[in-house]
Amino acid sequence: MMGMKRNRRAGAVVALTLGALLVATGCAGSGGDDGGSGGGDDAELSIQFLPKNLGNPYFDTSNAGGAEAIEEFGGTYEEVGPTEASPTSQVSYIQTAAQQGVGGLVVSANDPEAICDALDEARSAGVKVVTFDSDTNPDCRDLFINQATAEGIAQVQVDLIAEQIGDAGQVAVLSASANATNQNAWIELMQEEFAASHPDIEVVEVVYGDDDDQTSFDKTAALLQTYPELKGIISPTTVGIAAAARYLSTSEYKGKVALTGLGTPNQMREYVEDGTVTAFALWNPADLGYLAAWAAQALITGEITGEEGDTFEAGKLGSYEVGPDATVLLGDPYVFDAENIGDFDF
Amino acid sequence: MSATLTPVQPGTSGASRIVRRIATARETGIAVALVLVIVAATASNPTFLFSSDGFRDLLLTPSLLLLVAVGQAFVIITRSVDLSVGSVVGLTAYLTGRLFIDIPGIPIIVVFAAGVLLGGLLGAVNGVLVAWAKVPALVITLGTMYIYRGINVAWTGSDRINASDLPRDFRGLGTEHLLGIPILTIIALVVLIAAAWYLRNIRGGRELYAIGSDPDAAHLYGLRVSRRIITAFVVSGALAGLAGVLYAARYGTVSSAAGFGWELQAIGAAVIGGVAISGGVGTVWGAAIGAFLLLTINRALPILGIDDFWQRAVVGVLILGSIVLDRLLAVRQHRRLIAQREVDR
Amino acid sequence: MTVVTDAATARVYQAHARPAWRRLLLTRETAIIALLIVVIVVALASVRNFDSPLTVTYLLRDIAPILLIALPMTLIIITEEIDLSVASIVGLSSVMTGILTQAGLPFPLAAALAVVVGAVAGAFNGFLVTVVGLPSLAVTIGTLALFRGIAVGLLGTTAITGFPEEWTDLAKANIPGTPVPMIMIVFVILAVVFAVLLHFTPFGRSLYAIGLNKEAAHFSGIDVGRAKFTLFVLSGAVSGFAGVYFTLLYSNARGDNAMGMELQVIAAVLLGGVSIFGGRGALHGVIAGVLLIGTLGSALRLAGITSDIINVITGVLLVLSVVSASLLAWLHQRRSAAVGRRRGRRSAEGGAAGDETHNHASTSHQGRKQR
């Protein structure tokens, strides 16, 4: 009995020394390297793209645009991200970026607040933070690249659905995740627009597909079943609209229930051609990523600081100016339909 | 001359015994629950059952889980558990997509065979480790769950299979029907009937029950325990592989998260269906009805006005209730056996 | 007279059959600790930025919930039970913290209530296992779904993110002057408490007895039911506390927080040398196991390797550790059998009187329950 106690006590001592060793290495590290920041000279043009989740064709395109920009100005590109779009899943990648001391982090946030603290820590480690597509709280990032004004995005979708269902009837919204900043901003504006200009259209429900294909597919099925009078579905997320279109095209509601929202031409082409979808909108995500990368570069080299009125060069897109709230606007949304969908490849 | 006729006790004739067995069977109870749920939902919204979409979806969605639950039942009956089935589904679903993309014109039957083979192989790894290394299946399949999912994600990368990558007639399997019943459901039913027949009428199947009831006794009796356990895991893996191929047919899009969480759903379906976690009891019919019940509740909740976020809680209550019921029945059975032993003395 | 003395001196205690240094160094716990040291050294040498203080901070901060929950989980597995519902209790307590804070309660009160909710959940588990007599695997699979379902049902997929800044800062703060997070103080205190409980009290001793042979322990006068019930309540309470910490760390209370964490905890505990069959294990091995998985993950992430490889490695380590335990036991059994056979042959040849000590191979754990 005593022997066993001695074994375990000795074991505890070993474990404690181990823990001390681990901590000591950290302290020793701090002596040699000051904080692991990029330093001032030869600003590290290493930029990491952190989308909402990997395996999302929309972000694949925007990341490719970013990669193109980074190659143009000679930086290093890396793409990281979680497999599911939940608020906390991005935190460990932000922490890793801070540890690695990258120059810039370009992120599309799943939640406006959840990653704020991690971003602040990264910024104090010298990383420049640029958000794009979906913003965080303005206090924890340096710049936000917005694809279009939220009002413009909401407006175009409301106009499309109103036109497709004859300005009267029940509609539902198939969104991404419940906390996504951009989704909630657009949905709120859509509700206001409906109330103001289309009083005969009723938004019966907002469901969340979590930017997951299977979930969005099943939620569409549930919507159609729960609301037999449904006339239209708006899905302001490319994953959602693709899944909804796939379900609709094999269901008895094809052609009877209108579907619109934000989608990529490649995913939607088949459904525009078979009549499930009449028209939808988007912008060019590649341009968005491209602009975000150039903005990060401008921040790293010190060309701009994120103040309102700063201007910077963005390669082939020309020069852009920083607006209020440290936001840069890409342009206006674009409407795709059967006539022009063959012209695009993304 | 005085031929006395033994008075017939009421309720002991062959027919009434069968009726009583069916009436008190666990499977009947759950089937009744399923019917009740469907009736309640349809009363609230007739399109739940009576629209062609509604009827189709009711049969289609649970078919995939049914396959996985039947495989899981095989394993649970031998007093093991298989946590890796979700990852196997994901891997084979991605393999399906990859085969269609990389080898254009590949016959569909080859893809099916490849998926089932891969699933069976992954299941065999589990079975060998459990049977030969004598390590509890919980731990082994926990490890292989991580490993298979990791391989799946590493292989997929940030890629995903899109519906447009798969040939149209393959995807048709997921949406077409024969005489009003979706093809996927027919496939699932065929598998179910084959599995039930194997467990009931083939010696290998019946031995699984023996092994689950009392592994030591089975070993002493001379049954080849290792071989049967490996078989059970291979079946579980193969069925999960088949479910993965059909997943690609049904949903069209496959990401690295395919099949995530299916293992717990399958275990839940089997347990609710009467397959006791302590092994040796239960049928695949029960597991199948359990799968249907779980997913139908999921669809019925929003129609009944309950937020479908409560679905998992309902599933938890059902699982707990089933386990308590199993325990009560086991205790009663134990007492009855003791009483019988006393009588026979 | 001489024969009796010979017989007395020939008695061998299996626990002390080997010299002290072998008993100390050739244990599974030491193997894991050695592996941890190797991983740290290799990572320091080959991964860039691993030596920055941020590494220690992030690593310890992120694995703190797993470290905390691994403590009661070790005790539970030693008694041959299992608790799969810990992550769901974390999620439930996280949701309760969020809801209560949003309802206006002062944060410490909300946090305390969340821990109480965790303890109640653990008590529910304990009740079903000890009073109703259900197998803990089945019960905790059910409560895993139930508690997670309640958590998600209460909040849906929205998240509550407004928490008082002083508390979220505290959760992330380091001990002044060091890169070690403050939560490690709580962890060290709890670790000491559990170590004392397990290794230095009769209660802890009784847990090993329960794990080795429940019936024998019962007949020795140990209240098996009460011991297990206490463990489940402890597990629930610690999981509740881990939930509060998790919420503060990410400033985010959500129904599916910490989903899948139970498997990480169990993998780490088993890696740390605790036997799934019960009756064997020690805390220092478990702590080393958690640190090992965390360090591997941190080093690989820094090296740019994606998280899926980390999962594969965790799985392989887990499988190897349990298979190697079985393998070692089998080898030991064969060796003892061979020794026994050799001795038997020698005695048959020598024809001596029967006062050899027969070496019984320890086969108590083999093939008993397959789970």
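Modeller: Domain bounds here come from an automatic or database domain assignment. By that assignment, chain A is divided into domain 1 (1-30), domain 2 (46-148 + 285-330) and domain 3 (150-282). The C-alpha centres of domain 2 of chain A and domain 3 of chain A lie 28 Å apart. This is a predicted model, in which local features need pLDDT of at least 70 and side-chain atom pairs count only at pLDDT 80 or more, while totals for chains, interfaces and linings use all residues. Residues are numbered from 1 along each chain as its sequence is written, and chains are lettered from A and ligands numbered from 1 in the order in which they are written.

Biologist: How many residues of domain 2 of chain A are in contact with domain 3 of chain A?

Modeller: Two residues are in contact if their C-beta atoms, placed from the backbone, lie within 7 Å. On that basis, 17 residues of domain 2 of chain A are in contact with 14 residues of domain 3 of chain A. For classes, Ala, Val, Leu, Ile, Met, Phe, Trp, Tyr, Cys and Pro count as nonpolar, Asp, Glu, Lys and Arg as charged, and the others, Gly among them, as polar. The domain 2 side of this contact in chain A has seven nonpolar, six polar and four charged residues.

Biologist: Which helix of chain C gives the largest share of the side that touches chain B?

Modeller: Helices (H or I, at least four residues) and strands (E, at least two) are DSSP runs, numbered from the N terminus. Between the two chains, 40 residues of chain C are in contact with 45 residues of chain B. The largest share of the chain C side, 13 residues, comes from α7(C), which covers residues 136-155. That side of chain C divides into 23 nonpolar, 14 polar and three charged residues.

Biologist: And what does chain A put against chain B?

Modeller: There, 20 residues of chain A are in contact with 23 residues of chain B. Helix α7 (residues 213-226) of chain A supplies eight residues, the largest share of the chain A side. By class, that side has six nonpolar, seven polar and seven charged residues.

Biologist: How is a pair of packed helices described?

Modeller: Two packed helices are described by the angle between their axes and the distance between the axes. Axes are lines fitted to C-alpha atoms, for helices over the stretch in contact, and angles run from 0 to 180 degrees between N-to-C directions. In chain B, the axes of helix α4 (residues 52-77) and helix α12 (residues 225-251) come within 7 Å and cross at roughly 170 degrees. That makes α4(B) roughly antiparallel to α12(B) (under 35 degrees is roughly parallel, over 145 roughly antiparallel, 65 to 115 roughly perpendicular and the rest oblique). The residues of this contact divide into 16 nonpolar, three polar and one charged.

Biologist: What span is expected for helix α5 of chain C?

Modeller: The expected span of a helix is 1.5 Å times one less than its number of residues. Helix α5 (residues 86-102) of chain C has 17 residues and reaches 24 Å from its first C-alpha to its last, close to the 24 Å expected. After α5(C) comes C:Gly104, with a positive phi near 105 degrees.

Biologist: How many residues of α5(C) are buried?

Modeller: A residue is buried if 20 or more other C-beta atoms lie within 10 Å of its own, exposed if 12 or fewer, and partly exposed in between, with C-beta atoms placed from the backbone. In α5(C), 15 of the 17 residues are buried.
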